[in-house]
Amino acid sequence: MEAFQDAPGIDILVGPEPAPSNVLFMLSCLAAENFFVSSTALAMILTQETVPRWALLTPFAQLAWNLKNHVAWYFLGNHFAPEGPLIFALLDMVLIWPITGIYAHHFVTARNVGPKKD
């Protein structure tokens with residue numbers, strides 16, 4: 001089956017689905033749209049001097065997505081991943097879990113720095 005049937009001169013063929021592996025499993029868990037939307041929102045947040053507290057909901061959504069992947073990739077890897085738990089998930093957890101804690105602490109304890117209303 002040709003990938004681009006209507007494009008002349010392109011004879012790239014699509015083969016069978018690749019064999020199940022941890023790489024295929026990991027890539028199927030990632031959503032490019034989620035990363036794009038989150039990175040755009042984070043870029044907008046970073047350009048502001050102050051942001052309302054609800055603006056942290058976008059980073060929380062991204063972190064929740066990452067934490068869900070960690071559970072599927074590592075803790076439940078024996079059940080879901082074809083080759084067992086992904087060691088990459090441990091390296092990712094070392095970075096993502098502390099960031100989640102920092103965001104949660106800031107979200108709960110941040111003081112209001114907006115203009116005072118008279």
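Trainee: Thanks. What should I know about contacts between residues at least 6 apart in sequence?
Mentor: This is a predicted model. Of the contacts in the protein chain between residues at least 6 apart in sequence, 60% join residues at least 24 apart.

Trainee: How many helices and strands are there?
Mentor: The protein chain has five helices and zero strands. Going along the sequence, the pattern reads α-α-α-α-α.

Trainee: And what share of the residues is buried?
Mentor: Buried residues account for 22% of the 118 residues in the protein chain. As for the accessible surface, the protein chain has about 9,100 Å², and 68% of that belongs to carbon and sulfur atoms.

Trainee: Let's talk rings. How many aromatic pairs turn up in the whole structure?
Mentor: A search of the whole structure gives five aromatic pairs. One of them is Phe60 with Tyr103: the ring centres are 6.3 Å apart and the planes stand at 80°, so this pair is edge-to-face.

Trainee: Why does 80° make Phe60 and Tyr103 edge-to-face?
Mentor: Because planes over 60 degrees apart count as edge-to-face, and the planes of Phe60 and Tyr103 are at 80°.

Trainee: Got it. Where do Phe60 and Tyr103 sit in the chain?
Mentor: Phe60 is in helix α3 (residues 57-75) and Tyr103 is in helix α5 (residues 87-109).

Trainee: What about Trp73 and Phe88, how are their rings arranged?
Mentor: The ring centres of Trp73 and Phe88 are 6.1 Å apart with the planes at 50°, so that pair is tilted. Trp73 belongs to helix α3 and Phe88 to helix α5, 15 residues apart, and this pair too links distant parts of the chain.

Trainee: How covered are the two partners, Trp73 and Phe88?
Mentor: Trp73 is buried, with a relative accessible area of 3%, whereas Phe88 is partly exposed at 41% relative accessibility.

Trainee: Switching topic: what sits over the ring of Trp65?
Mentor: That's the charged end of Lys68, 4.4 Å from the centre of the Trp65 ring.

Trainee: Which residues form the nonpolar patch on the surface?
Mentor: Val71, Phe75, Leu76, Phe80 and Trp97 form that patch, and together they have about 470 Å² of accessible area. Val71 lies in helix α3. Its relative accessible area is 37%, so Val71 counts as partly exposed.

Trainee: Now Thr100. Buried or exposed?
Mentor: Thr100 is buried: the cut-off is under 20% relative accessible area, and Thr100 has 17%. Thr100 lies in helix α5. Leaving out residues up to four places away in sequence, Thr100 touches Leu63 and Leu67.

Trainee: Last one: where is Asn78, and what does it touch?
Mentor: Asn78 lies in helix α4 (residues 77-80). With residues up to four places away in sequence not counted, Asn78 touches Gly84 and Pro85. Asn78 is exposed, with a relative accessible area of 64%.

Note on methods
Residues numbered from 1 in each chain as written. Predicted model: local features only at pLDDT ≥ 70, side-chain atom pairs only at ≥ 80, totals over all residues. Heavy atoms only, no water. Helix = DSSP H or I, 4+ residues; strand = E, 2+ residues; numbered from the N terminus. Buried < 20%, exposed > 50% of the residue type's maximum accessible area, 1.4 Å probe, protein only. Contact = heavy atoms within 4.5 Å. Areas by Shrake-Rupley, 256 points an atom, 1.4 Å probe, with all protein chains shown as cover. Phe/Tyr/Trp six-rings, centres within 6.5 Å; stacked < 30°, edge-to-face > 60°. Lys NZ or Arg CZ within 6 Å of the ring centre and 35° of its normal. Patch = residues over 30% accessible without salt bridge, like charges linked within 9 Å, V, L, I, M, F, W, Y side chains within 5 Å. Salt bridge = Lys/Arg side-chain N within 4 Å of Asp/Glu carboxyl O.
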